[in-house]
Amino acid sequence: MTTRFSLFLFSALLAGTAGAAAGDKTDVVRDLAGRVGPIVGSASACRDIARPRIQVITDKFAAVIKEAATNEAERSDLTQSFDRSVAEGRSAVTTGRTDCRLADRQLADLERSIGGTGPSLSAVIAPSSAAAATSAAAATAPTAAVPVGGGPAVRGLTDQEIRFGIAAPFSGSAKELGRQMKLGIDAAFNRVNETGGVEGRMLKLIAADDGYEPARTADAMKQLYEKDQVFGIIGNVGTPTAVVAVPYALERKLLFFGAFTGANVLRHDPPDRYVFNYRASYAEETDAVVRYLVKLRRIPIKQIAVFAQQDTYGDSGFAGVSKAVRALGVSDATIVRLNYKRNTVDVDDAINQLKLQKPPIKAVVMVATYRAAAKFIEKTHDLFPGLIYTNVSFVGSTALADELMLLGPRYASGVIVTQVVPAVSGYSSIVLEYKNALAKYFPGEAPDYVSLEGYVAANVLIQGLKRAGPQLDTEKLIDVLENTRNFDLGLGANLGFGRAEHQASHKIWGTALDDNGKYQALELE
């Protein structure tokens, strides 16, 4: 039945998109998601419609996506396109734009088309015959920007939607960071879309995979800007990739918001007009952990080393440690840096260098991604008993815990990670809201520090969009953000921006893994 359904869906859509190339399957399915999703969403908002009817359609469409996608990034993108459309359909019912009688009738028509009786699927969801010849092109091209309130057209903005882009790793060794960041942003977007969006406009997130390689970032940004015509960028992942992405955005006066990095390239003084950060910086994270190691754990600075990625991410973290050491009135000249290459787990040179240190190193501040960090811990745990490991938030907390627990609880226990969001296991207002949204829109996904950061960053942006009002453009949004001060999302600290302050939060939370691979609160002061 699943195969039959998949073939039926493709044949129905392809019949209406004559001229589409064989390689356009994903575009066809994306278009289909935008037609089936609202039917599923509106039905799910109606209590009298049986859940199993809806689940059958959802499961079968998941099979369609699996058959069409050629890689994990495509599968994730198609799935989340479908989820967005479902959220839009649910919103149509909750806001009164459609009713449950119509929702039931549309679902029944869809069910009959699957069963081979009643109207064909193309008659239920496909374009009219007059539009069929151009539907393939429409599936690949973004909706044209339209004048807002009689003014000039605004890129990525229509009366119905605001398009944002994210360039992040959806393949390679850091792909979980990109997936989680996108997941959190989508959860926040879906939540606001379900209640009618922002000024009646749905928020849409379009992903481009750069594999955490700067050489691919320019093409990813170009795709989002030129092909997808996004209004702004949110949630890009990484420092070395930001070195490429930020200048690209600045040259085009493109909003660059809430990137998943604490590097100084996004924190100039005075700040770049189009760059806004949610999170605390790596300098603030490393300062907090160095003070913890020196003042609370009583470790001499000469017995603290830095394990760092050999690029601008590692440079930024190492600079933060050096600054923290100088702030304590000690020379930073003796700090040892142990390097590894990005997108590898080749840590042997770093370990050989560590073995040579006299007196022996007692703590390592790690500026790495989760797989390299786990490999370093695995290979040094028994060589240096009692060695303290600390990590900055970019490591990917959940992914690191999973990697270490695969090795065994003794590798995980005591490993420290500084965080820029509250504990995902906690009961603060924002965390409960996030977990509810995650369970609702992405059932089966476990709460994660990276997706929570994406969720929080997206909500900070949503606050700005709401305050900007219906007559929106980039310059107005930035003026609004620069005048947004002391607002409370339930983080335990107020957030805000200013003309000289483009970083909303400066708060650091300490966490440490226990024997069960769960993060527990750790007082850093």
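Analyst: Helices are DSSP runs of H or I with at least four residues, strands are runs of E with at least two, and both are numbered from the N terminus. By this count the protein has 20 helices and twelve strands.

User: What kind of model is this, and which pLDDT limits apply?

Analyst: This is a predicted model, in which local features need pLDDT of at least 70 and side-chain atom pairs count only at pLDDT 80 or more, while totals for chains, interfaces and linings use all residues. Residues are numbered from 1 along each chain as its sequence is written, and side-chain values use heavy atoms, with hydrogens and water left out.

User: Why is leucine 438 called buried?

Analyst: Buried means under 20% relative accessible area, exposed means over 50%, and partly exposed lies in between (1.4 Å probe, protein chains only). Leucine 438 has 1% relative accessibility and therefore counts as buried. This residue lies in helix α18.

User: Which residues is leucine 438 in contact with, leaving aside neighbours within four places in sequence?

Analyst: Contact means heavy atoms within 4.5 Å. On that basis, leucine 438 is in contact with Leu183, Pro443, Glu445, Ala446 and Pro447. The C-alpha atom of leucine 438 is also separated by 7.7 Å from that of glycine 184, which is 254 residues away along the chain.

User: What makes arginine 84 count as buried?

Analyst: Its relative accessibility is 4%, so arginine 84 counts as buried. Arginine 84 has its place in helix α4. Not counting residues up to four places away in sequence, arginine 84 touches Lys182, Asp186, Asn190, Leu203, Lys204 and Leu205. Its C-alpha atom and that of arginine 191, 107 residues apart along the chain, are separated by 9.8 Å.

User: How are the axes of α2 and α4 arranged where the two helices pack?

Analyst: Two packed helices are described by the angle between their axes and the distance between the axes. Axes are lines fitted to C-alpha atoms, for helices over the stretch in contact, and angles run from 0 to 180 degrees between N-to-C directions. For α2 and α4 the angle is about 35° and the axes are 6 Å apart.

User: What is the handedness of the crossing of α2 and α4?

Analyst: A crossing is right-handed if the near helix is turned clockwise from the far one by less than a right angle, and left-handed if anticlockwise. The crossing of α2 and α4 is right-handed. Among the residues that meet there are Val29, Ala33 and Gly37 in α2 and Leu78, Phe82 and Val86 in α4.

User: How do the residues of the contact of α2 with α4 divide by class?

Analyst: Ala, Val, Leu, Ile, Met, Phe, Trp, Tyr, Cys and Pro count as nonpolar, Asp, Glu, Lys and Arg as charged, and the others, Gly among them, as polar. The contact of α2 with α4 has nine nonpolar, nine polar and four charged residues.

User: How do α10 and α11 cross, and which residues make the contact?

Analyst: The axes of α10 (residues 214–227) and α11 (residues 239–251) come within 8 Å and cross at roughly 35°. α10 passes α11 in a right-handed crossing. The contact is made by residues including Met221 and Tyr225 of α10 and Val244 and Tyr248 of α11. Its residues divide into nine nonpolar, two polar and two charged.

User: What share of the residues in the protein is buried?

Analyst: Buried residues make up 57% of the 525 residues.
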